[in-house]
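User: Can you walk me through the strands and the helix in this one?
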Amino acid sequence: MDFASIRVITADVARLADFYERATGVDATWTNEDFAEVRTPTATLAIGSTRTVALFAAGSAEPGANRSVIIEFEVDDVEDVHAKLAGAEVVQEPTTMPWGNRSLLVRDPDGNLVNFFRRAARPGL
């Protein structure tokens, strides 16, 4: 089994795809107006319209209702991502965490929590 992606359901696929394109520098791949993917070398963030939910199970997912999952992207420069996302709701300014990672927490346009982080330097690696 391979982990394929995380899918976020939204009422505005274009708005959410734009946010993640700006944050990652990766252009979204569009299947149609109801579905786009932001594919990085190691993971895929799928973005689906509320109209797609009924294809699985009507009412099983709703946009903006998540408060338990953090979407995470490892980045080279946390401050650069912070600058690219000017105007986004910042939950935590760029901060060095106790374990050494540099981290920026923001909410995407639907309110999902997103962590952009740089791993701490690892001696000998």
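Analyst: Here is a quick tour of the sheet, the helix and the record. Keep in mind that this is a predicted model.

User: What order do the strands of the open sheet have?
Analyst: The order is S1-S4-S3-S2. The sheet has four strands and its pairing is mixed.

User: Which strands stand at the edges?
Analyst: S1 (6–10) and S2 do. Each has a single partner strand, so one side of each lacks a neighbour in the sheet.

User: And how much are neighbouring strands turned against each other?
Analyst: By 20° on average, ignoring direction.

User: Let's take S1. How many bridges join S1 to S4, and do they run parallel or antiparallel?
Analyst: Five bridges, and the two strands run parallel. S4 spans residues 44–49. Isoleucine 9 has glycine 48 in S4 as its bridge partner.

User: What stands opposite asparagine 32?
Analyst: Phenylalanine 35, in S3.

User: Switching to H1. Which strands does it lie across?
Analyst: Helix H1, residues 13–24, lies across S1, S2, S3 and S4. Against S4, H1 runs at about 160°.

User: What does UniProt annotate over residues 2–119?
Analyst: The unreviewed UniProt entry gives "domain: VOC" for that range.

User: How much helix and strand is there over residues 2–119?
Analyst: 22% helix and 38% strand. The end C-alpha atoms of that stretch are 24 Å apart.

Technical notes
Residues are numbered from 1 along each chain as its sequence is written. This is a predicted model: local features need pLDDT of at least 70, side-chain atom pairs count only at pLDDT 80 or more; totals for chains, interfaces and linings use all residues. Side-chain values use heavy atoms; hydrogens and water are left out. Two strands pair if DSSP finds at least two bridges between them. Axes are lines fitted to C-alpha atoms, for helices over the stretch in contact, and angles run from 0 to 180 degrees between N-to-C directions. Contact means heavy atoms within 4.5 Å. UniProt positions are given in the numbering used here, feature names are shortened, and annotations may be inferred rather than shown by experiment.
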